[in-house]
Amino acid sequence: MVTYDKAYSTELKDDISASGANEKYIGKTNLGQIVSKSIKHNDTFQCSSNCTLKLTCANIHVDFTDKKNINKLEPYFTNRNGGRHDDGCFRVIEENKKYVGTSNKTSIYERNDYDLIIDFKKGIGLLPSSTPTQTSNVLGTNSNISANNKLSRNNNLLTRKRTPHTKDIKKIITMFEEHELGNNPFNIFDSDKNPISFDDIFIPISDSKISNDFAIYYGQAHVQWFKKSIRLVFSKSTSIDDTGDFTSPSTFLNKDIFIEEKKQKLFSQFSRLADDYQKAIEEFKKTGDKSVFTKKLYFRIYFIGKFKRVSNYINFDTESCNIPKSLFIRKN
Ligand SMILES: [Zn+2]
């Protein structure tokens with residue numbers, strides 16, 4: 001699910017941040033100051049002033065000055081019911097500008113704003129940065145090397161039309177989600193400039209067989225405590241070989257490794273979700289009511305890597321990737 005920090009309030013007739021919406025809804029700032037409750041309804045937000053895509057503000061009702069809410073997620077806007085952006089939507093136009101980057105300020109840098117090279121290749125993953133063109137250094141002093149390189153870069157700018165690249169996985173995922181919503185402003189290419197589609201690199205775990213190339217796998221999943229570890233399991237199954245066995249891929253999440261990789265926050269998120277899942281299991285044992293397993297206990301996971309079979313299981317192949325850095329979670 002795509003999330004946004006800002007939206008347009010039809011009540012205020014103005015853009016507002018998610019935390020601003022929260023304050024104006026509960027009538028209190030994050031510092032506890034009383035303000036007027038100028039936002040009355042959570043169904044009055046849209047994408048931008050010229051785009052009627054409906055957004056709602058998650059946790060708009062939460063009083064963050066109350067200590068018991070300390071673990072609640074900060075408010076954010078999201079599009080719960082799908083739908084697409086209106087043509088000419090200001091946000092889509094802004095986002096496009098962001099993706100193609102504005103770091104290069106020179107006007108001779110000619111480019112097509114709708115072409116984008118994704119430096120991610122199925123079977124390989126993210127590609128290393130391309131090395132800049134080397135110019136031979138006939139004079140052999142350091143100052144001349146840099147002067148030469150500068151000159152060569154400038155020449156490239158003049159003569160070569162460059163297509164922007166991205167190797168930012170988070171951005172690639174957001175673009176994919178926009179694409180799912182029907183917003184597809186880009187022609188995307190692989191690093192060899194061959195046209196590709198998002199389906200080439202994003203593969204759903206959806207009860208079908210997969211080729212098990214290194215790619216971005218995604219689907220609904222949940223986490224569950226298993227003694228002192230957390231087990232992450234895709235909701236749907238897949239098959240990676242000719243055994244005909246379909247299994248839901250899973251992996252164990254090891255807290256120490258997440259800490260080592262500075263992904264402690266992500267681990268905490270998983271551990272909260274596993275706690276909630278545990279509560280649901282206990283509730284279910286008491287009441288037999290399956291409805292305790294609400295949508296909120298599940299989430300969409302993106303896993304960048306591949307899988308491997310270990311007897312009857314399909315595990316995430318931890319040798320092909322660094323698990324804490326290969327998981328991206330999107331709450332339902
Ligand atoms: Zn829009």
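Modeller: Gladly! This is a predicted model, where local features need pLDDT of at least 70 and side-chain atom pairs count only at pLDDT 80 or more, while totals for chains, interfaces and linings use all residues. Residues are numbered from 1 along each chain as its sequence is written, and side-chain values use heavy atoms, with hydrogens and water left out.

Biologist: What pLDDT does the protein chain average?

Modeller: pLDDT is the predictor's confidence in each residue, from 0 to 100. The protein chain averages 82, and 82% of the residues score at least 70. Over residues 101-112 the value is below 50, and residues 131-161 stay under 50 too. Where pLDDT is low, the predicted coordinates should not be read in detail.

Biologist: How many helices and strands does the protein chain have?

Modeller: Both are DSSP runs, numbered from the N terminus: helices are H or I with at least four residues, strands are E with at least two. This chain has eight helices and 19 strands.

Biologist: Which residues coordinate the zinc ion?

Modeller: For a metal, look for donors: N, O and S atoms within 2.8 Å (3.2 Å for Na, K and Ca); water is not among the atoms, so sites may look incomplete. Here the zinc ion is held by C47 (SG), C51 (SG), H85 (ND1) and C89 (SG), at 2.0 to 2.3 Å. Along the chain these donors follow the spacing C-x3-C-x33-H-x3-C. C47 sits in strand β4 (residues 45-48) and H85 in the loop between β6 (76-78) and α2 (90-100), so this pair, 38 residues apart, links distant parts of the chain.

Biologist: What is the geometry of the site of the zinc ion?

Modeller: Four donors count as tetrahedral if all angles lie between 85 and 135 degrees. The angles here are 98 to 117 degrees, and the site is tetrahedral.

Biologist: Is C47 buried or exposed?

Modeller: Buried means under 20% relative accessible area, exposed over 50%, partly exposed in between (1.4 Å probe, protein chains only). C47 is buried because its relative accessibility is 3%. H85, at 5%, is buried as well. Across the protein chain, buried residues make up 39% of the 332 residues.

Biologist: Which residues have the most contacts inside the largest nonpolar core?

Modeller: In soluble globular proteins, nonpolar side chains tend to be buried together. A nonpolar core is a set of buried Ala, Val, Leu, Ile, Met, Phe, Trp, Tyr and Cys residues joined through side-chain atoms within 4.5 Å. The largest one has 28 residues, and L232, L253, F270, F307 and L327 have the most contacts inside it. Its largest share, five residues, comes from α7. Apart from it lies another core of 19 residues, among them I172, I188, I196 and Y302.

Biologist: Where is P249 placed?

Modeller: P249 is in the loop between β14 and β15 (250-253), and it is buried because its relative accessible area is 0%. Contact means heavy atoms within 4.5 Å. Beyond four places in sequence, the contacts of P249 include L232, F307 and F316.

Biologist: And where is N212 placed?

Modeller: N212 lies in the loop between β12 (202-204) and β13, and is buried at 14%. Leaving aside neighbours within four places in sequence, N212 is in contact with Y217, I240, K306 and F307.

Conventions:
Tetrahedral: all angles 85-135°; square planar, octahedral: opposite > 155°, others 65-115°.
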